[in-house]
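Q: Could we go through this structure together? I would like to begin with the aromatic residues and then turn to the sheets.

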Amino acid sequence: MSRRSMRLSLITALTATLASSVAFSASAEPVFNRIASFAVADNLPKDADAKAATSSEIITVSEDGNTLIYSDSPYGGIGFVDITDPKNPKAGGVLKVEGEPTSVAVAGKRVFAGVNTSESYVKPSGRLDVIDIASRKVEMSCDLGGQPDSVAVSPDKTFLAVAIENERDEDLNDGELPQLPAGNLVILNLKDGTPDCKTMKVVDMTGIAEVAPEDPEPEFVSINSKNEIAVTLQENNHIAIVDAASGKITAHFSAGTVDLDKIDTKKDGQIKFNGEMKNVAREPDTIKWVGDDRLLTANEGDYKGGSRGFTIFDKTGKVTYESGNTLEHKIAAHGHYPEKRNKKGVELEGAEVGRFGDTNYLFVASERGSMIGVYKDTGKDPEFVQLLPSGIGPEGVLAIPSRNLLVTANETDLGEDGAARSHVMIYELQDKAADYPQLVSELTEEGTPIAWGALSGLVADESKDGILYAVSDSAYFAAPTIYTIDANQKPAKITSALLVKRGKDAAQKIDLEGITTDGKGGFWLANEGDQKKLVPHAILNVNDKGEIKKEIALPEDLLKHQTRFGLEGITRTGEGDNETLWMVVQREWADDDKGTVKILSYNLKSEEWAAVSYPLDKKEKGWVGLSEITAHDGQLYIVERDNLIGNEAVNKRLYKVAMADLKPAKIGEKLPLVSKTLVYDFIPDLKKLNGFVPDKLEGFAIDKNGIGYVVTDNDGVDDSNGETQFFTVGKVSELKAK
């Protein structure tokens, strides 16, 4: 049988037995798309605190491919998710254990969990719990003699290996190594899927690394088909290979260093890829075998290194591929660069290898950029395929080729702050176009991506189809920027960036939240003030070079009632004596009636301020406010939203107010209450990427053809998964409220 015939036969068989499997057309280039997300908090028992900290760190799957199993260290449990239908994952519950689970692996009907029970850093301890998947009960445990960090089962299911880290105290002596007792590697034999505690071999890993040879700090383990165990000694920037049968180290080598250029090295409120770092230790976290002869590492760093990339080694330690700054640049082009983490950049932590059909894929997870890099393994330099959006802080990555699935476990839980929870996310290899990104930037003349994020306002060009302008907010306080977006491409492209300046320097003390054209090649910008930070509530006029030519403060009679929730959008109507700017204030000020906010007007000719009162929808939780205003065809279109995310999000809506009915009153007088009409609910659109609904839908624009465009604010990837949704709702005149 030919190779092609064998492949088709395999696909046919999978389709018959697995409903989620798909066959790919010969002409298409399949890609991964997210098909579902599962909030780990949904696994909490009914009597548990709904805001209890949870996490999904390392993740595995039952051998039938139907049950995901993850470690949840903060909750102290092992979580289960039913993915019989991967597009509709269901809570499978969580098994509480004594201690902090750090890793999980499956063999047969059992899952093996490494559990940290350490009394202190100097008295580390831990065990291996053997859990029956069906009953969700601990059948037995093995004392591991130290703090486990990674568990792996051999491909032939004859043994398992555990990295015993005995981690350092980062607050002790500035985290300097060595800090004893030393960690090691533990090997346990398996018989019929059950470990024999008496067969435990302890592999001494001291004396081989150069950084702190007496304190190896084993981090992650991976096993190939030859029963060779690869181990990262992360803080020691070292890799060892151990023969499982004998327990002997057969090879070891330094992970080496990298010279990096065109990177952002300063935490200064702007993204500039003009820095460099020399001799950066890779300090790999996750390691995965690529076949039996090569090793893939995600070089997170944890001590003094972290090279922002991933590396492929052969078994002798020779580097066969180094990503350098390339993946970080791709992540930045997607708007996911974490400017506040410039020491280690996008910080790659997780990795996975999986063969889907004839293609061997490499997956690398960016913890701080919340993205998954997907590459084809060519045997030489890997071929970039795509970037996938993830939850916040992806750590575990799991390929399930038998079901055409990829899964990520995202550890960060911000529920206490009312933000996103930890999520497990599921992707499928599909014969269709990639759903993400919806917006990506082009390269500069220097060959680096146009850096962007935190898009907070949007306006369409008055004369060009599908050309829009967006502004960034105070997430990049040192580089307030106007971006040009070409929405005629898919994905839409950021083609240029215009720095907003006072004189020759970037303007300071501004927080741009709205933008509209001025009809003269420049823009009017809405600046949201904050009295405590000496940022004024104001509107700014900039020319086509980004220079501020006029700054107009809000009137004193209005400012005496101010809060920090100020201007969030701006639009322009009329000509000559009637040319007027309209602005929305996000939330109630002290002089507003409860449940109302102001729409302000400013006549550019008479320089008179006036306002109307706008009735907000009732809030269910959190708060409700305004995010954008756009004038079109005799109407003011207004974006109203709550500050809730995920399943709690209720209000992400578009309303309209008829211009003919607007009768603004002078500031200080009783403001007339306007009547609003619901036009559109954005939540169904915000769910299409199968992640969680973001809180900040902040930009809305209507182009000259009446097409409505929407953009969300990713907060500059600060306590955010970095996703920016940019999409069209079609002709606004044809929208119907549901």
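Predicted model: local features only at pLDDT ≥ 70, side-chain atom pairs only at ≥ 80, totals over all residues.

Q: How many aromatic pairs does a search of the whole structure find?
A: The search finds 17 aromatic pairs. In one of them, the ring centres of phenylalanine 32 and phenylalanine 356 are 5.3 Å apart and the planes stand at 85°, so the pair is edge-to-face.

Q: Where in the chain do phenylalanine 32 and phenylalanine 356 lie?
A: Phenylalanine 32 is in strand E1 (residues 31-39) and phenylalanine 356 is in strand E25 (residues 348-356). The pair links distant parts of the chain, 324 residues apart.

Q: And what is the geometry of phenylalanine 32 with phenylalanine 363?
A: Here the centres are 5.5 Å apart and the planes are at 80°, so this pair is edge-to-face. Because phenylalanine 32 belongs to strand E1 and phenylalanine 363 to strand E26 (residues 359-366), the pair ties together parts that are 331 residues apart in sequence.

Q: Is phenylalanine 363 buried or exposed?
A: Phenylalanine 363 counts as buried because its relative accessibility is 0%. Phenylalanine 32 also has 0% relative accessibility and therefore counts as buried. Phenylalanine 356 is buried too.

Q: Changing topic to charges over rings: which ring does lysine 96 lie over?
A: Lysine 96 lies over the face of tyrosine 75, at 4.2 Å from the ring centre. Arginine 136 has its charged end over the ring of phenylalanine 80, 4.0 Å from the centre of that ring.

Q: Now the sheets. What is the strand order in the open sheet of five strands?
A: The order is E32-E36-E35-E34-E33, and the pairing is mixed. At the edges are E32 and strand E33 (455-460), each of which pairs on one side only. Neighbouring strands in this sheet are turned by 35° against each other on average, with direction ignored.

Q: In which sense do E32 and E36 pair, parallel or antiparallel?
A: Strand E32 (residues 439-441) pairs with strand E36 (residues 492-499) in the parallel sense, over three bridges. Valine 440, for example, has lysine 493 in E36 as its bridge partner.

Q: How many bridges are there between E35 and E36?
A: Strand E35 (residues 481-486) and E36 are paired over six bridges in the antiparallel sense. The partner of threonine 484 in E36 is serine 496. E35 and E36 form a hairpin, with five residues between them.

Q: What about E34 and E35?
A: Strand E34 (residues 467-472) runs antiparallel to E35, and five bridges join them.

Q: What is the order in the open sheet of four strands?
A: The four strands follow the order E47-E48-E49-E51, with antiparallel pairing. Strand E47 (624-632) and strand E51 (677-681) stand at the edges with a single partner strand each, so one side of each is left without a neighbour in the sheet. The twist averages 25° from one strand to the next.

Q: Lastly, how many bridges join E49 to E51?
A: Four bridges join strand E49 (residues 652-658) to E51, and the two run antiparallel. Lysine 656 has threonine 677 in E51 as its bridge partner.

Methods: Residues numbered from 1 in each chain as written. Heavy atoms only, no water. Pairing = 2+ DSSP bridges. Axes fitted to C-alpha atoms, helices over the stretch in contact; angles between N-to-C directions. Phe/Tyr/Trp six-rings, centres within 6.5 Å; stacked < 30°, edge-to-face > 60°. Buried < 20%, exposed > 50% of the residue type's maximum accessible area, 1.4 Å probe, protein only. Lys NZ or Arg CZ within 6 Å of the ring centre and 35° of its normal.
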